[in-house]
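Me: I would like to learn how to read a structure like this one. Please take me through its features one by one.

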Amino acid sequence: MIDLYPIAVYHQALIVLNQGTTQATFSTNDDADRGTSYSEIHIQSGSTALSESQPSPQSMVFKETFSSVPVIWESDLHREYQELGVALLEMKSLDGENEHQLDEQVYLAASYVATELRANSFPLPSVFSHGPKSVVFNWSNNEDNLYLTVSADRMSALITSPERIQRRIEYPKSLPANPETTLLSIKSAFLKKSVQRCLTASASGQTQIVS
Amino acid sequence: MKVRSVPDHDSVFRHSVHPVSFRGGKVFDPRNLFHLSHRLDGSIQTSLAWQRYLPTIDHVHDYGCRMAHRRNENNIAAGTYKEKNRQIYCGAYEMRARSIRQLFGSELLDEIAKADITHEPEEGEIAHLNVIITLRAGTSVDPENTKTAIVDRMWRASQGPATHICGRDQDVSNHPGSTLVAAPGGAYVDSRSWLSRLLCLVRFRCEAWIQRGLR
């Protein structure tokens with residue numbers, strides 16, 4: 001059965017620090033009774049503007065998190081996605097005889113999706129194509145994979161494990177009107193499957209599902 | 001020559017041939033080596049090579065080198081050759097023929113009506129195999145998504161790479177073969193016994209001698 005609509009939405013913490021952030025420190029505390037962990041993150045905001053006032057540190061507490069919360073500088077994310085943009089342009093610019101050359105419409109759709117992925121702080125994907133008609137973005141989480149296949153007029157998501165295909169989701173358009181919700185639901189579905197595999201496969205570490 | 005069926009347990013190879021500009025790295029995915037295309041009847045196709053007619057790893061690499069050379073020669077003849085897009089053979093990945101046939105009946109791949117691998121010599125290459133995946137009539141599933149699922153299954157069933165630098169490519173600096181990614185199935189290992197390898201080689205030479213005699 002192929003899912004057409006997401007049936008559950010989960011939130012995954014991802015900290016993206018802008019260029020104004022100068023310092024971040026982390027501490028993790030375990031609540032053994034509840035079997036959960038929470039992290040305290042102290043971020044000192046800076047500013048490039050001239051100012052006589054000292055910036056005040058801000059603390060954010062995530063009550064329940066994955067045991068590791070990815071942290072990435074926004075500038076790094078921007079630079080990495082520039083590499084992706086160059087790669088897509090190279091694929092579009094291949095000779096017409098080359099089997100990997102992208103159609104113009106597919107290139108535009110893929111670029112649009114890549115822009116939304118970056119805006120929603122997705123980690124940089126790897127990319128491949130099936131030829132001129134589609135581009136595939138790929139992420140790995142342990143042994144599981146998430147693929148986004150982007151054609152000129154539609155998009156689909158695929159979650160797989162070494163043993164089997166876990167889930168397939170298809171969208172009638174390259175991105176629905178609310179891309180943020182769609183992309184977050186895809187990411188959550190992917191991470192939920194990976195966490196379930198961790199929990200059922202072994203009991204190593206404290207990996208919790210964000211509620 | 002007699003066209004044979006490919007036993008499930010036989011090894012087949014996918015050769016990695018890239019433009020020299022595709023040096024792998026962070027962005028380009030190794031699954032790019034599986035190029036699935038559409039036939040006129042809507043089925044999905046790709047090519048592999050049969051170990052039966054490539055009895056040693058040297059034969060496997062020679063096949064890849066000939067493939068890359070043929071593509072470059074075709075581009076030169078068509079006037080479209082550019083050095084930056086020169087085709088480079090980098091290495092080969094191995095899988096079992098049954099990995100292809102098992103696509104039919106795989107969970108969440110209901111749109112696949114048939115998945116087969118057939119021996120079809122092509123461009124003078126007797127080891128050439130055609131993989132044909134037939135989709136059910138009237139399926140509404142995006143065939144590009146089906147291709148992605150097939151590529152995922154093939155990649156997960158692969159072992160390797162067995163890397164190689166062709167004689168013609170000795171002058172290539174930063175050979176793309178150095179960036180080939182290890183397949184999920186582990187390193188390439190020729191699991192045949194020495195006797196089995198010897199028999200394969202003898203059989204191959206006999207069949208090649210017979211073919212030359214028939215021409």
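Me: Which side chains meet in a salt bridge, D142(B) being one of them?

Reply: A salt bridge is a side-chain nitrogen of Lys or Arg within 4 Å of a carboxyl oxygen of Asp or Glu. Here the side chain of D142(B) pairs with that of R154(A), at 4.0 Å from N to O. The rule finds three salt bridges across the interface of chain B and chain A.

Me: What should I know about the origin of the model?

Reply: It is a predicted model, where local features need pLDDT of at least 70, side-chain atom pairs count only at pLDDT 80 or more, and totals for chains, interfaces and linings use all residues. Residues are numbered from 1 along each chain as its sequence is written, chains are lettered from A in the order in which they are written, and side-chain values use heavy atoms, without hydrogens and water. For pLDDT (the predictor's confidence in each residue, from 0 to 100), chain B averages 90, and 95% of its residues score at least 70. The complex has an ipTM of 0.89 and a pTM of 0.77 from the predictor.

Me: How many residues does each chain bring to the contact?

Reply: Contact means heavy atoms within 4.5 Å. Chain B contributes 34 residues and chain A 46 residues.

Me: Is L199(B) buried or exposed?

Reply: Buried means under 20% relative accessible area, exposed over 50%, and partly exposed in between (1.4 Å probe, protein chains only). L199(B) counts as exposed because its relative accessibility is 53%. L199(B) belongs to helix α4 of chain B, residues 194-214 (helices are DSSP runs of H or I with at least four residues, numbered from the N terminus).

Technical notes. Helices (H or I, at least four residues) and strands (E, at least two) are DSSP runs, numbered from the N terminus.
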